[in-house]
Amino acid sequence: MFGSALAQRGAALTKAERSALVQKLSDEDRAWLLDYVAPIIFPDEERLFLLVNDEHRDLFKDEFWKRRENGGLASPLGPGYRRRYEELRRLVDSSYDGWRHDAGRMVIAHGEPSSIENVSEKGCGDLFRNLEIWTYADAGAAGSSLRREFFYRVAPGGPRKLWTYGDRDSDLLQPGSCRKSLTDLQRWECPPPRDITVFNDPCAPACPDACRVILIWNEIKARHGSALGGRVSQSRALSPPDVQREDLASLAARFPEVARPGARAIAVESPGALAEQPAEISAGWTNEKVRDAILALPKKYREWLDLAGPLVSRSELVEFLALRPGDREGYVRRFWKRHGHVL
């Protein structure tokens, strides 16, 4: 029965199979899948959508939105999400660089920030590289707290990038700035030196908000804890809002073309194609590649990285990210054993 097969890993669609099924979609369904819901649809949902017949896709879409409108889900999910997502998509396309870039992905995952402050437009343009401070009010068990993030543009008019611990602090500075690092900025200006060495400072005070930026820079580093913590935090910030998808088994059983004996099983996975790649360690693991690989992990492994982050070296992180999905459980057990934890 398909329902039991759904709980197993099952075979994923190959690139050729996926491409062929996408080409068979109507123009409307293709645009819905590849553009409109692309930032939030999970691979298991996409495969089921591609495998059902045309007449069943409206039912799939209704269930897709119901899954995200259940009560008790964190904002921006919950009742009314379908309409709210439509509004977010318009905002993302018009004001946040589109859904393929960091700012758009952040807004889709968490909604608009409560405030955005452009430091570079407040007399700091010669120091900071198109720097924005985004503030979110996070609700938790102890009440609301403010979470602040740095976004910057490499070039004027270009897409924003989210800065995290592990990125160079010089990424936030103008290439021609007199200050070459935020460490130097903190040393000379926050607070200003009180001894005669101040006269040896080769740079004049750079901008009125320099020390406030330093304060938030230290907040972000403390929150992330390490470069790995920064990557995990980044993946969490830019990942689509997670939803429970156990209902896919019963939904698939309602489609005769999928539920028939021999039909392809749909595995429940997190977004991303890295899980389908062979276990291969490469020297080309850039920060961007590491971030995207973490984004592709199932939720439980992102949570494990969050917990194990202080103990994981970069080489261990790359080794873990390059593993086949079936090898990760064993790696986690061996990791804890190496570090003296008994499971």
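Cys124 and Cys207 are both buried, where buried means under 20% relative accessible area, exposed over 50%, and partly exposed in between (1.4 Å probe, protein chains only). The model is predicted: local features need pLDDT of at least 70, side-chain atom pairs count only at pLDDT 80 or more, and totals for chains, interfaces and linings use all residues. Residues are numbered from 1 along each chain as its sequence is written, and side-chain values use heavy atoms, with hydrogens and water left out.

Cys124 and Cys207 are bonded to each other as a disulfide, with 2.3 Å between their sulfur atoms. The cut-off for a disulfide is a pair of cysteine sulfur atoms within 2.5 Å. Such a link is a covalent bond between the sulfur atoms of two cysteines. The torsion about the S-S bond of Cys124 and Cys207 is about 90°, so this disulfide is right-handed. The pair links distant parts of the chain, 83 residues apart. Cys124 sits in the loop between β1 (115-118) and β2 (132-140). Cys207 sits in the loop between α8 (182-189) and α9 (210-224). Helices (H or I, at least four residues) and strands (E, at least two) are DSSP runs, numbered from the N terminus.

A search of the whole structure finds 2 disulfides. Another joins Cys190 to Cys211, with an S to S distance of 2.3 Å. Its torsion about the S-S bond is -95°, and the link is left-handed. Cys190 lies in the loop between α8 and α9, while Cys211 lies in helix α9, so the pair ties together parts that are 21 residues apart in sequence. Cys190 counts as buried because its relative accessibility is 15%. Cys211 has a relative accessible area of 34%, so Cys211 is partly exposed.

Next comes a glycine. Gly158 is placed in the loop between β3 (143-153) and β4 (160-163). Gly158 counts as buried because its relative accessibility is 17%. Leaving aside neighbours within four places in sequence, Gly158 is in contact with Asp97 and Arg153. Contact means heavy atoms within 4.5 Å. Gly158 and Asp97 are 61 residues apart along the chain, and their C-alpha atoms are separated by 8.2 Å.

Last, a helix. In α14 (residues 299-308), the buried residues include Tyr301, Arg302, Trp304, Leu305 and Ala308. They cover an arc of only 155° around the axis, which puts them on the same side of α14. The arc is that of the directions from the helix axis to the C-beta atoms. An α-helix has 3.6 residues a turn, so residues three or four places apart point the same way.
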